[in-house]
Amino acid sequence: MTRFTFRPAEKAEVPAVFDLIMGRVRWMDTVGIRQWNVTDYAGCYPLHHYEAARQRGDLFVMVDEDGLIVACAVLRQDDERWPEAIQLAEPAFYLHHFATRVGMKGVGPTFLRMAEEYALAQGKTRFRLDSADDNIFLADYYTAFGYVPVGTCVDGLYSGILREKVLIQGE
């Protein structure tokens, strides 16, 4: 069984993170999902966006035993898509740019579990994310992992559903 390590990204890994995300964008084209691939994702979030996230300590990767990055995401402590009152109510991490290596089955749930464990260790009681409101596959995916819809958001060309999971110690 492959062992994975969840950790902050290193400076030298930022280009590989960007490449992993762009690989997922190309994959969306091949399977007919209209999300990152139709919103100028690379233009909105160029390489330096991820380097800035890394410098803030917000860019995380999951690597396999050989050091290959198999999943990545930005974990923020605030999010302009969420109402301020909700952000202030409970400490949370906000998941962005979550991507897994194309062809690596099963690493997404592992990354989410490890990120949730990290959030608990950091004193967070909630884990929040959003997904495109017309992406049924992703809606079902997050629902299966306990993320419930709590609102909606619009950000430029993007229209999404805000989702939240209450984190419980020991789960």
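Helices (H or I, at least four residues) and strands (E, at least two) are DSSP runs, numbered from the N terminus. By that count the protein chain has six helices and seven strands. This is a predicted model: local features need pLDDT of at least 70, side-chain atom pairs count only at pLDDT 80 or more, and totals for chains, interfaces and linings use all residues. Residues are numbered from 1 along each chain as its sequence is written, and side-chain values use heavy atoms, with hydrogens and water left out.

**Stop 1: the whole chain**

Show the protein chain as a cartoon. Follow it along the sequence and the pattern reads β-α-α-α-β-β-α-β-α-β-α-β-β. The radius of gyration is 15 Å, close to the 16 Å that the globule rule gives for 171 residues, so the chain is as compact as a globular protein of that length. That radius is taken over C-alpha atoms, and the rule is 2.2 Å times the number of residues to the power 0.38. Along its principal axes the C-alpha trace spans about 40 × 35 × 30 Å.

The protein chain exposes about 9,000 Å², and carbon and sulfur atoms supply 54% of it. These areas come from the Shrake-Rupley method with a 1.4 Å probe; for residues, only the protein chains shown count as cover. Of the 171 residues, 49% count as buried. Buried means under 20% relative accessible area, exposed over 50%, partly exposed in between (1.4 Å probe, protein chains only).

How far apart in sequence are the residues that touch? Among contacts between residues at least 6 apart in sequence, 66% join residues at least 24 apart. A contact here means heavy atoms within 4.5 Å.

**Stop 2: strand β4**

Select residues 92-100, which form β4. Nine of its nine residues are buried, so β4 is largely enclosed by the rest of the structure. Two strands pair if DSSP finds at least two bridges between them. Look for A71, whose bridge partner in β4 is T100.

**Stop 3: R128**

Stay on β5 and pick R128. Is this arginine, R128, buried or exposed? At 2% relative accessibility, R128 counts as buried. Show its side chain together with that of E164: the two make a polar contact at 2.6 Å. A polar contact is a pair of N or O atoms within 3.5 Å; within protein, one must be able to donate a hydrogen and the other to accept it, and residues adjacent in sequence count only if both atoms are side-chain atoms. Leaving aside neighbours within four places in sequence, R128 also has contacts that include W82, I86, Q87, F93 and R163.

**Stop 4: helix α6**

Select residues 136-144. In this helix, α6, L138, A139, Y141 and Y142 are buried. Seen down the axis of α6, the buried residues fall within an arc of 160 degrees, so they line one face of the helix. The arc is that of the directions from the helix axis to the C-beta atoms. Turn to the other side of α6 and find I136, F137, D140 and A144, which are exposed.

Check both ends. N135 caps the N-terminal end: a side-chain oxygen lies 3.3 Å from the backbone nitrogen of F137. After α6 comes G146, whose phi is positive, near 90 degrees.

**Stop 5**

Pick R24 in helix α1, residues 14-31. R24 is buried, with a relative accessible area of 12%. Not counting residues up to four places away in sequence, R24 touches W36, A99, T100, R101 and V102.

Then move to E116 in helix α5. E116 is buried too, at a relative accessible area of 10%. Beyond four places in sequence, E116 touches F127, Y147, K165 and L167.

**Last stop: E65**

Go to the loop between β2 (59-63) and β3, and select E65. At 54% relative accessibility, E65 counts as exposed. A polar atom of the E65 side chain lies 3.3 Å from the backbone nitrogen of R3. Finish with a C-alpha to C-alpha distance: E65 and V17 are 17 Å apart in space and 48 residues apart in sequence.
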